[in-house]
Amino acid sequence: MGQTHQKFLSDIRVFGCSKCHTHLATMSSMLSRAFTGQHGRAYLFDVVVNIEQGEPADRQMTTGLHTVRDIYCVKCGTTLGWKYDKAHVEAQKYKEGKYILERGLICDVED
Ligand SMILES: [Zn+2]
């Protein structure tokens, strides 16, 4: 951890890891606020940077079976949410390759 070069984002609003403020995603890449994570509200993003991905695992969700990978902050290792590898329900395919960040685990970053 901490050896990877971090990317710095610039946008109207930048979201970062609540623990170490590493940049993760921008307002422009947010697709939806209407998601629920393991700890409450969560956001769906098109692009998330400065993360490490865990092994794929099948997870049964309210919207059906999904193959997901947990995602971790590259700097402090905090679990931030997950990435959708595969949606097994046709109507949920739009989520494939997209990321969930839990609202309680991210914060607004001032640059
Ligand atoms: Zn962090």
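**View 1. Strands β1 and β2 pair up in this predicted model.** Start with strand β1, which covers residues 14-17, and strand β2, which covers residues 23-26. The two run antiparallel and are joined by 3 bridges. To see who faces whom, find valine 14, which stands opposite threonine 26 in β2. Then look at phenylalanine 15, whose opposite residue in β2 is alanine 25. As a reminder, strands of a sheet pair through backbone hydrogen bonds, either parallel or antiparallel.

**View 2. Four cysteines hold on to a zinc ion.** Which atoms are the protein donors? They are the SG atoms of Cys17, Cys20, Cys73 and Cys76, lying 2.2 to 2.3 Å from the zinc ion. The angles between the 4 donor atoms run from 101 to 117°, and that is why the arrangement is called tetrahedral. Along the sequence, the donor residues follow the spacing C-x2-C-x52-C-x2-C. Is cysteine 17 buried or exposed? Cysteine 17 counts as buried because its relative accessibility is 0%. Cysteine 76, at 32% relative accessibility, counts as partly exposed.

**View 3. Cysteine 107 is in no disulfide.** How many disulfides does a search of the whole structure find? The count is 0. For cysteine 107, the nearest cysteine sulfur belongs to cysteine 17 and is 7.2 Å away. A disulfide would need the two sulfur atoms within 2.5 Å. Cysteine 107 has a relative accessible area of 18%, so this residue is buried, given that the cut-off is under 20%.

**View 4. Lysine 75 sits in a loop.** Look between β7 (64-73) and β8 (79-87) to find this lysine. Lysine 75 has a relative accessibility of 41%, so this residue counts as partly exposed. Now find isoleucine 12, which is 63 residues from lysine 75 along the chain. The C-alpha atoms of these two residues are separated by 23 Å.

How values were computed: Residues are numbered from 1 along each chain as its sequence is written. This is a predicted model: local features need pLDDT of at least 70, side-chain atom pairs count only at pLDDT 80 or more; totals for chains, interfaces and linings use all residues. Side-chain values use heavy atoms; hydrogens and water are left out. Donors are N, O and S atoms within 2.8 Å of the metal (3.2 Å for Na, K and Ca); water is not among the atoms, so sites may look incomplete. Four donors count as tetrahedral if all angles lie between 85 and 135 degrees; four count as square planar and six as octahedral if opposite donors are over 155 degrees apart and all others between 65 and 115; anything else is irregular. Buried means under 20% relative accessible area, exposed over 50%, partly exposed in between (1.4 Å probe, protein chains only). Two strands pair if DSSP finds at least two bridges between them. Helices (H or I, at least four residues) and strands (E, at least two) are DSSP runs, numbered from the N terminus.
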